[in-house]
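Hello,

Here is the model I promised to pass on to you. Please have a look at it first, and then read my notes below.

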Amino acid sequence: MIAEIARRLAFLPVTLFVVATLVFLALRALPGSTVDMLASSFSTAGLRDQLIAQLGLDQPLWKQYLIYMGELVRGDLGRSFITGRDVATMVGETLPVTIELAVASLVVMMVVGLGMGLAAAARPGSLLDGALRFIAMALFALPWFWFGILMIVVFSLWLGWLPAFGRLPSSVTYEPVTNFVLIDAILTGRPDLIGPWLAHLTLPALTVGLTTAGMLMRLARAGVIETGRLDFVRTARMKGVAPGRVFFRHVLRNAALGILTVIGLQFGAMLGGSVVAEVVFGYPGIGRMMVDAVLTRDYAVAQGAALVLAVLYVLVNLVTDLAYRWADPRLRREPGR
Amino acid sequence: MADTAGQKLAARAGAGLRLSPGAALTALPWMVTALFVLAALLAPWLAPHDPVTGRAAPMQQMFSDGHLLGTDALGRDTLSRLLHGLRPMLVVSLGAVALALAAGGAYGLVSGTAGGRTDWAMMRAVDILMSFPLILAAILVLAALGPSLLNVTLAVAVSQLPIFARLARALAAGEAARDYVLAARAAGFPEWHVMLREVAPNIARPLLVQATSVVALAALTAAALSYLGLGVRPPAPDLGYMVKEGQELLFIAPEQALLPGLLIAVFALAVSFCGDQLADAERRGGAA
């Protein structure tokens with residue numbers, strides 16, 4: 001087990017290095033265009049060259065790469081080509097927003113996905129099972145962005161229950177400390193922030209959570225049904241253990257491992273889904289920042305955002321994998337793959 | 001497999017009077033998918049107006065004279081744009097899956113058959129590609145290549161590559177351990193022969209089944225990319241981009257955003273059910 005953790009952790013820097021290189025190469029494939037966008041208003045050649053030199057784009061690619069890597073190692077993500085702001089600061093502002101959204105979505109996904117999965121697995125083949133399976137499939141097939149718009153139409157436009165855009169209403173003054181609204185509300189004694197924050201969080205979190213719940217439902221259902229067919233469950237039933245106890249102590253406990261892994265892996269899908277949800281709901285997270293940066297060819301910002309998202313994803317997957325191995329004694333003894 | 005299941009279902013659906021409710025439910029996703037393909041193919045003849053140049057009054061309501069689903073902010077007929085918008089969706093989702101199947105399948109085949117260090121190195125490369133969330137990988141590819149129909153197809157294909165590479169590798173590694181592969185190697189056949197003639201035919205079927213199940217994912221990813229403004233360039237009609245355009249008019253004409261999204265959802269749902277049926281059939285076939 002310890003050897004496995006060490007092996008995975010040793011591989012981590014390699015992954016991060018390659019991820020950083022790929023991000024760099026992907027966004028430098030068209031190096032002239034940021035300047036073209038910036039310089040379109042003043043088109044004299046002299047100004048254009050000056051701008052290129054200022055952004056360091058006149059250096060050969062390998063030199064740009066070395067500079068980029070050197071800065072990266074020191075935690076410097078560079079400055080926005082367009083606003084001149086420090087990218088690390090921008091990430092510090094937007095990443096907590098995305099994490100809030102991802103965690104809220106995860107809660108929605110777990111409640112809905114597990115609820116539906118366990119309800120369906122209780123009586124496989126029943127009408128309820130069929131209906132839930134259809135709903136799960138439909139949730140999976142919904143385009144996330146469109147589902148978000150549908151929610152805006154129903155809950156904001158028709159019913160007027162929830163706000164459709166942004167993270168907090170402009171009428172509320174919010175001075176961020178950690179940029180996590182809930183933590184700041186506690187730290188600075190501002191409980192009045194929590195209500196509007198939750199109201200704005202609800203629709204995006206429901207959008208991401210519900211569209212990912214379908215997958216969890218199917219896997220939870222399959223896991224419970226498969227575990228229920230195993231010999232030790234039959235033995236428990238034959239001993240006369242009460243059905244509720246068989247379900248919770250025997251079946252669920254053993255199916256839980258697989259389900260937990262799925263939840264961890266889905267967190268990555270949440271990060272991806274939140275990119276889209278943030279654009280739909282005008283939610284000021286790192287995903288929206290990245291898409292805006294790609295559209296305006298602001299490489300430094302797009303690079304920083306992509307890198308941070310990828311690193312987060314790698315770390316979450318690693319933790320999930322290790323937690324899974326730690327929780328299952330059978331895997332602890334086996335040598336690594 | 002795909003053909004026979006489809007044919008069987010078509011034959012059952014064609015039995016007309018003897019159609020049982022169960023068979024009808026089974027055939028429904030195939031019929032819906034076929035309808036989408038037909039509508040996309042016949043779009044130039046079915047569409048009542050030109051999808052790109054708007055000649056009518058803008059923002060007409062649904063069921064108005066000559067414009068069944070109204071017109072958008074530029075006076076373009078919504079029904080015509082929806083019909084033409086089906087084409088990029090089908091081209092991109094089917095094209096991307098075909099590309100990912102071919103490239104990922106070949107990659108996994110080589111990795112799994114070769115085994116040893118080659119296998120280890122090739123699979124770690126896939127792990128690294130997997131260290132991006134799928135949509136993020138696709139966004140990066142588009143950022144590098146610029147928006148166009150072909151590039152969206154490539155971006156979606158790249159995002160699906162690991163799925164096929166891993167599956168093909170697992171299947172190929174399983175086959176490579178079998179006696180007939182050992183026999184072929186002992187008989188002195190070159191490695192490419194072992195891969196293409198011995199292993200490949202035996203892993204093709206599950207790969208094709210997997211391909212059917214990810215068409216929906218491809219369609220959804222492509223639509224999301226278009227929605228983000230990274231896909232087809234306007235004014236070309238595209239369902240994902242129509243949702244984005246419609247969102248700006250959400251408070252005046254919500255149907256402009258809801259209709260194109262509904263089409264994407266119905267298509268994705270139909271192909272998901274088709275993929276599920278094939279996967280079930282494959283599992284039963286594997287067990288027998």
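Reading chain A from its N terminus, the elements go α-α-α-α-α-α-α-α-α-α-α-α-α-α. That makes 14 helices and zero strands in chain A, where helices (H or I, at least four residues) and strands (E, at least two) are DSSP runs numbered from the N terminus.

A quick word on conventions. Residues are numbered from 1 along each chain as its sequence is written, while chains are lettered from A and ligands numbered from 1 in the order in which they are written. The model is predicted: local features need pLDDT of at least 70, side-chain atom pairs count only at pLDDT 80 or more, and totals for chains, interfaces and linings use all residues.

Now the interface. In chain A, 38 residues are in contact with 35 residues of chain B; two residues are in contact if their C-beta atoms, placed from the backbone, lie within 7 Å. On the chain A side, at least two residues each come from helices H1 (2-28), H6 (127-141), H7 (144-158), H11 (243-280), H12 (286-295) and H13 (299-327). H7(A) gives the most, with eight residues. By class, this side of chain A has 35 nonpolar, three polar and no charged residues. Here Ala, Val, Leu, Ile, Met, Phe, Trp, Tyr, Cys and Pro count as nonpolar, Asp, Glu, Lys and Arg as charged, and the others, Gly among them, as polar.

One residue to look at is A:Ala310, in helix H13 of chain A. Is A:Ala310 buried or exposed? A:Ala310 counts as buried because 25 C-beta neighbours lie inside 10 Å. The cut-offs are 20 or more other C-beta atoms within 10 Å for buried, 12 or fewer for exposed, and partly exposed in between, with C-beta atoms placed from the backbone. Leaving aside neighbours within four places in sequence, A:Ala310 is in contact with A:Val19 and, across in chain B, with B:Ser131, B:Phe132 and B:Leu136.

B:Phe189 is partly exposed, as 14 other C-beta atoms lie within 10 Å.

Finally, the largest nonpolar core has 161 residues, and A:Ala305, B:Ala138 and B:Ala219 have the most contacts inside it. Such a core is a set of buried Ala, Val, Leu, Ile, Met, Phe, Trp, Tyr and Cys residues joined through C-beta atoms within 7 Å. Its largest share, 17 residues, comes from helix H9 (residues 191-227) of chain B.

Best wishes
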